[in-house]
Amino acid sequence: MSATHRSFLAAVSFASLLSMAGGASAVTGKYNPNEYLTKGRVQIAHELFARNLRSRKSPISQADTLRVVSSAIVSALAKRCDLPWNPNLYRPMMAHYRHVVGLGEKEMRALGIVYGFMQASVLHELRDEPCPAEIRDSLWQRMPK
């Protein structure tokens, strides 16, 4: 398994790690990724990807869409907490879809748009919700590096 693939899988599994119970470091409320990871959001992303390509069918599976949305959600939380989401979450995901899955330029562009849209929608829901130091530290400790 390549380093890019391992980084991407680590970033995707990161969302589930954040919401696990674990005393004071458990992420709850507005900073719980499961608050945003809904079937509706994943379905919208899947349809948006296909629509952006002017296609009837998305070139990635529903499971891949779930991974992309999970990564975008965690990126939004990290961005709100002033953590480096781009090199730690976004770039490994994009490298995975370019080099491992083999998406072309057009599909990669659409994937970036969907990711950005999903990230922005979570940031909009967070609005001015402050990122407590405890949450920031928990995110940073668990974030793939």
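Predicted model: local features only at pLDDT ≥ 70, side-chain atom pairs only at ≥ 80, totals over all residues.

**Entry 1**

I looked up how α3 and α4 pack, and got an angle of about 165° with the axes 9 Å apart. Angles over 145 degrees count as roughly antiparallel, so I put α3 and α4 down as roughly antiparallel to each other. I then checked the hand, and the crossing of α3 and α4 is left-handed.

Which residues make the contact? From α3 I noted Asp64, Arg67, Val68, Ser71, Val74, Ser75, Ala78 and Lys79. From α4 the list is Trp85, Leu89, Tyr90, Met93 and Tyr97. Sorted by class, the contact of α3 with α4 has eight nonpolar, two polar and three charged residues.

**Entry 1: the disulfide**

How many disulfides are there? I got a count of one. The partners are cysteine 81 and cysteine 131, with their sulfur atoms 1.8 Å apart. The cut-off I used is within 2.5 Å. I read 95° about the S-S bond, and the link of cysteine 81 and cysteine 131 is right-handed.

Next I placed the two ends on the chain. Cysteine 81 is in the loop between α3 and α4, and cysteine 131 is in the loop between α5 and α6. They are 50 residues apart, so I logged the pair as a link between distant parts of the chain.

Is cysteine 81 buried or exposed? Cysteine 81 has 2% relative accessibility, so I count it as buried.

I found aspartate 82 in the loop between α3 (62–80) and α4 (85–100). Aspartate 82 has a relative accessible area of 64%, so I marked it exposed.

Where does arginine 127 sit? I traced arginine 127 to the loop between α5 (105–126) and α6 (133–142). With a relative accessible area of 56%, arginine 127 goes down as exposed too.

Technical notes:
Residues numbered from 1 in each chain as written. Heavy atoms only, no water. Helix = DSSP H or I, 4+ residues; strand = E, 2+ residues; numbered from the N terminus. Buried < 20%, exposed > 50% of the residue type's maximum accessible area, 1.4 Å probe, protein only. Axes fitted to C-alpha atoms, helices over the stretch in contact; angles between N-to-C directions. Parallel < 35°, antiparallel > 145°, perpendicular 65-115°, else oblique. Left-handed = near helix turned anticlockwise from the far one by under 90°. Contact = heavy atoms within 4.5 Å. Nonpolar A, V, L, I, M, F, W, Y, C, P; charged D, E, K, R; others polar.
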